[in-house]
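Have a look at the model first, then read on.

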Amino acid sequence: SFQLELAEALRLYKMNSEPVLLLHIFAGIPMEPGLLCPGEHKLYRHGARRWYKLKRMFHLGICPKNKQDFHLVICPISYTRFPFGNLAYKLYKIFIWESLHKIILHYSPPPFSPLYTTKMQYTSRPHPYSCTRYSNNTSLQSNPEEASNTASGFGLKDFDLLKVIGRGSYAKVLLVRLKVTDKMYAMKVIKKELVTDEEDIDWVQTEKHVFETASNYPFLVGLHSCFQTPERLFFVIEYVNGGDLMFHMQRQRKLPEEHARFYAAEIVLALHFLHEKGIIYRDLKLDNVLLDTDGHVKLTDYGMCKEGVRKGNTTATFCGTPNYIAPEILRGEDYDFSVDWWALGVLMFEMMAGRSPFDIVGMADNPEQNTEDYLFQVILEKVIRIPRSLSVKASSVLKGFLNKIPVDRLGCNHESGFQDILDHIFFRTIDWDLLHAKQVVPPFRPNIEDDLGLDNFDKQFTQEPVQLTPTETTVVGKIDQSDFEGFEYINPLLMSTEDAV
């Protein structure tokens with residue numbers, strides 16, 4: 001009813017020739033992490049991105065012509081996330097197309113809730129999330145340090161930095177201990193200077209949103225909190241100390257089919273959960289499949305995810321890890337969740353055969369056959385040969401997932417795709433209800449000698465010095481801090497319990 005009410009308000013505004021349109025908003029509290037607030041629209045996140053663009057326009061002093069008396073007030077919001085994005089976007093469109101003289105946005109905090117702490121009390125002082133624009137006299141202000149310490153309640157001072165456990169092109173991953181609870185977490189650290197354009201900002205926001213959605217699902221790594229400094233963004237996430245499948249595959253070369261079946265089945269449930277939430281994972285690979293203390297799977301790294309995809313919708317972005325990219329992406333076609341089932345087929349082949357289905361690339365004496373372009377050509381054209389050592393059931397499921405035609409691929413039927421996977425002969429021995437409840441005993445339990453579990457991480461990372469190199473002041477000064485407003489987050493469960501995600 002929100003859009004209908006807004007349309008009616010506009011009708012009355014025009015009919016009465018009012019100079020001001022007043023909108024009064026009430027925040028909500030989500031029932032569980034990752035769920036929307038009561039009355040919140042499922043597309044709020046896309047609106048939030050438009051809101052960031054809108055704020056950048058305000059920051060640059062760009063206002064529509066002949067609207068010198070423009071007045072926009074954004075008041076404090078709670079940690080529970082409210083869709084100011086959609087609202088701000090609509091207000092901006094109204095402002096341009098409906099010739100409003102003045103728009104005022106008010107906010108009323110919800111009644112007292114046990115989820116709030118003294119740190120989250122509403123006061124009359126400026127809030128880190130607040131921004132105000134009055135005609136052409138003032139500009140957006142932001143205080144990242146205050147946002148880090150006040151909005152989220154957490155900052156670097158709250159953690160002991162113990163070890164480096166991973167590194168990528170954009171981020172470093174640290175093992176940290178939350179001082180107040182002595183619980184271990186992984187901390188993903190991203191330099192803001194590397195987040196240079198709107199595409200990068202969208203990537204960070206998407207990863208945050210998917211982390212929130214994934215929290216508390218048994219086979220996905222969840223989010224504890226987010227905070228920032230003027231130099232960096234920090235994701236505090238669940239620490240999974242059993243290592244990744246790549247680490248274990250390098251030691252075992254290949255897995256028994258029964259082991260591969262167990263891991264593949266838990267990955268199937270994780271992917272289906274994301275798909276049901278409208279998310280394409282797009283980065284399934286051995287490195288991103290972690291094992292917890294007991295040996296259960298947890299997927300991680302959501303930077304390549306695509307949100308907001310529903311049945312019948314597609315996207316066309318070219319992305320992924322080269323060896324796992326689906327043929328439809330390489331052909332430049334629109335695609336949907338089909339690309340995740342292809343990647344699962346590649347991963348299952350690697351687990352059971354001990355090699356990639358495209359391992360010819362990188363082994364040839366001819367340099368032209370060791371390029372990424374040649375790899376893509378092989379993915380598109382090569383007939384995948386299933387090793388004779390694999391069973392008929394294993395061969396069948398691999399052929400199903402590795403079908404180059406998406407509509408014929410296992411899991412890709414729009415009506416019965418997921419059920420087709422559950423019913424496949426390869427997975428016939430799986431009790432899916434027990435598996436989802438984590439009542440099936442994993443085939444392998446990682447060797448964890450202490451609470452840190454560092455034996456399951458590559459020593460090239462764990463032996464690195466734990467330090468965050470200061471960024472030059474001139475570089476920090478060029479960062480548009482308004483791009484990162486609203487980044488702070490706490491898993492709502494943490495407001496009422498000391499348990500981790």
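Two strands count as paired if DSSP finds at least two bridges between them. Helices (H or I, at least four residues) and strands (E, at least two) are DSSP runs, numbered from the N terminus. This is a predicted model, where local features need pLDDT of at least 70 and side-chain atom pairs count only at pLDDT 80 or more, while totals for chains, interfaces and linings use all residues. Residues are numbered from 1 along each chain as its sequence is written, and side-chain values use heavy atoms, with hydrogens and water left out.

**The chain overall**

The chain holds 15 helices and twelve strands.

Six strands make an open sheet in the order 5-6-7-9-8-12, with antiparallel pairing. Strand 5 (159-167) and strand 12 (489-490) sit at the edges with a single partner strand each, so one side of each has no neighbour in the sheet. Helix 5 (residues 198-214) packs on this sheet and touches strand 7 (183-191), strand 8, strand 9 (232-238) and strand 12. The direction of helix 5 makes about 20° with that of strand 9; axes here are lines fitted to C-alpha atoms, for helices over the stretch in contact, and angles run from 0 to 180 degrees between N-to-C directions.

| Strands | Bridges | Facing residues |
|---|---|---|
| Strand 6 and strand 7 | Eight bridges | Lys172 and Val189 |
| Strand 7 and strand 9 | Seven bridges | Val189 and Phe234 |
| Strand 8 and strand 12 | Two bridges | Cys226 and Tyr489 |

Is strand 7 largely enclosed or open? Seven of its nine residues are buried, so strand 7 is largely enclosed by the rest of the structure. Strand 6 (residues 171-178) and strand 7 form a hairpin with four residues between the strands, and there Asp182 takes a positive phi near 65°.

Tyr170 belongs to this neighbourhood too. You'll find Tyr170 in the loop between strand 5 and strand 6, partly exposed at a relative accessible area of 34%. Leaving out residues up to four places away in sequence, Tyr170 touches Val189, Ile190, Lys191, Leu194, Asp200 and Trp203. Its C-alpha atom is 9.6 Å from that of Lys192, 22 residues apart along the chain.

**Helix 9 and its surroundings**

Helix 9 (residues 338-353) and helix 11 (residues 392-401) have axes that come within 8 Å and cross at roughly 145°. On the helix 9 side, Trp341, Trp342, Leu344, Gly345, Met348, Phe349 and Met352 meet Ala394, Val397, Leu398 and Phe401 of helix 11. The residues of this contact split into ten nonpolar, one polar and no charged. For that tally, Ala, Val, Leu, Ile, Met, Phe, Trp, Tyr, Cys and Pro are nonpolar, Asp, Glu, Lys and Arg are charged, and the others, Gly among them, are polar.

Met351 also lies in helix 9, and Met351 is buried, with a relative accessible area of 0%. Not counting residues up to four places away in sequence, its contacts include Leu245, Met249, Tyr263 and Leu286. The C-alpha atoms of Met351 and Glu257 are separated by 8.3 Å, though the two are 94 residues apart along the chain.

Definitions and conventions. Contact = heavy atoms within 4.5 Å. Buried < 20%, exposed > 50% of the residue type's maximum accessible area, 1.4 Å probe, protein only.
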